[in-house]
Amino acid sequence: MLKTLAAYAGAVIGAFLLGSILVTQFNLAQVAGMGMDVTLAVRLQATLHDISGLAGTYLPLIAVAFLIALLVATGLLKVFPSQPQLLYLLAGGVALVALHMTMKAVLGLSGIAATRTLAGLLSQGLAGMLGGYIFYRIRTGTADAGGVTNNPA
């Protein structure tokens with residue numbers, strides 16, 4: 001149980017961090033596209049600011065989306081027991097894409113500006129897939145630091 005909770009926390013944090021970083025970079029690409037200079041220092045400062053700023057809103061939304069998605073994926077393991085890695089990757093990706101599509105449908109707006117484009121939406125799906133992969137790796141304990149398999153359950 002503790003391993004599953006650690007896997008869940010790692011998945012949510014990993015998806016949030018990558019998702020936030022990608023949001024910042026997509027937004028800064030729009031700024032740069034308007035002819036403004038976006039230095040590496042600005043990118044770093046904006047990224048850290050966005051991670052901090054989104055922690056109170058985006059992080060809890062990801063946590064809820066992941067809770068639902070990972071429970072569904074775990075249930076699907078009864079039907080597809082040989083595909084846990086694929087199921088968790090897909091669950092994470094679908095969780096974040098569905099989160100943004102649901103916000104758009106319910107609120108009538110994109111809560112995260114970067115998701116207004118297909119590339120931005122897919123980037124959040126990629127962040128979700130990373131979270132799903134983290135969940136799989138921690139929960140199953142498939143490799144230690146040396147890459148040696150240990151307990152692939």
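The buried residues of helix 2 pack against helix 1 and helix 3. Here buried means under 20% relative accessible area, exposed over 50%, and partly exposed in between, with a 1.4 Å probe and protein chains only. Helices (H or I, at least four residues) and strands (E, at least two) are DSSP runs, numbered from the N terminus. The model is predicted, with local features needing pLDDT of at least 70 and side-chain atom pairs counting only at pLDDT 80 or more, while totals for chains, interfaces and linings use all residues. Residues are numbered from 1 along each chain as its sequence is written, and side-chain values use heavy atoms, with hydrogens and water left out.

## Overall build

The protein has five helices and zero strands, which gives the pattern α-α-α-α-α along the sequence. Its C-alpha trace spans about 50 × 40 × 25 Å along the principal axes. Of its 153 residues, 37% count as buried. The accessible surface, from the Shrake-Rupley method with a 1.4 Å probe, is about 8,600 Å², and carbon and sulfur atoms hold 73% of that area. A contact means heavy atoms within 4.5 Å. Among contacts between residues at least 6 apart in sequence, 69% join residues at least 24 apart.

Helix 1 covers residues 2-33, and its 32 residues reach 46 Å from the first C-alpha to the last, close to the 46 Å expected at 1.5 Å a residue. The expected span is 1.5 Å times one less than the number of residues. Buried residues of helix 1 include Ala7, Phe16, Ser20, Val23 and Thr24. Their cover includes helix 2, helix 3 (58-76), helix 4 (84-107) and helix 5 (118-140). Just after helix 1, Gly35 takes a positive phi of about 90°.

Which residues of helix 2 are buried? They are Ala46, Thr47, Ile51 and Leu54. Seen down the axis of helix 2, these buried residues fall within an arc of 135°, so they line one face of the helix. The arc is that of the directions from the helix axis to the C-beta atoms. An α-helix has 3.6 residues a turn, so residues three or four places apart point the same way. The face turned away from the buried side of helix 2 carries exposed residues, among them Ala41, Leu44, Gln45 and Leu48.

Thr24 lies in helix 1, Thr47 in helix 2 (residues 40-54), and Leu121 in helix 5.

| Residue | Relative accessibility |
|---|---|
| Thr24 | 1% |
| Thr47 | 11% |
| Leu121 | 15% |

Leaving aside neighbours within four places in sequence, Thr24 is in contact with Arg43, Ala46, Thr47 and Asp50. For Leu121, the contacts beyond four places in sequence are Val97, His100, Met101, Ala114 and Thr115. The C-alpha atoms of Leu121 and Leu44 are separated by 22 Å, and these residues are 77 apart along the chain.

## The nonpolar core and an aromatic pair

A nonpolar core is a set of buried Ala, Val, Leu, Ile, Met, Phe, Trp, Tyr and Cys residues joined through side-chain atoms within 4.5 Å. The largest one has 29 residues, and those with the most contacts inside it are Tyr58, Ile62, Phe66, Tyr88, Leu96 and Leu99. Helix 1, helix 2, helix 3, helix 4 and helix 5 each give two or more residues to this core. Helix 3 gives the most, with eight residues. Not counting residues up to four places away in sequence, Tyr58 touches Phe16, Ser20, Leu96, Leu99, His100, Ile112 and Gln124.

Rings of Phe, Tyr and Trp (its six-membered ring) pair if their centres lie within 6.5 Å; planes under 30 degrees apart count as stacked, over 60 as edge-to-face and the rest as tilted. By this rule there are two aromatic pairs. In one of them, the rings of Tyr88 and Phe135 have centres 4.8 Å apart and planes at 65°, so the pair is edge-to-face. This pair links distant parts of the chain, with Tyr88 in helix 4 and Phe135 in helix 5, 47 residues apart. Both Tyr88 and Phe135 are buried.
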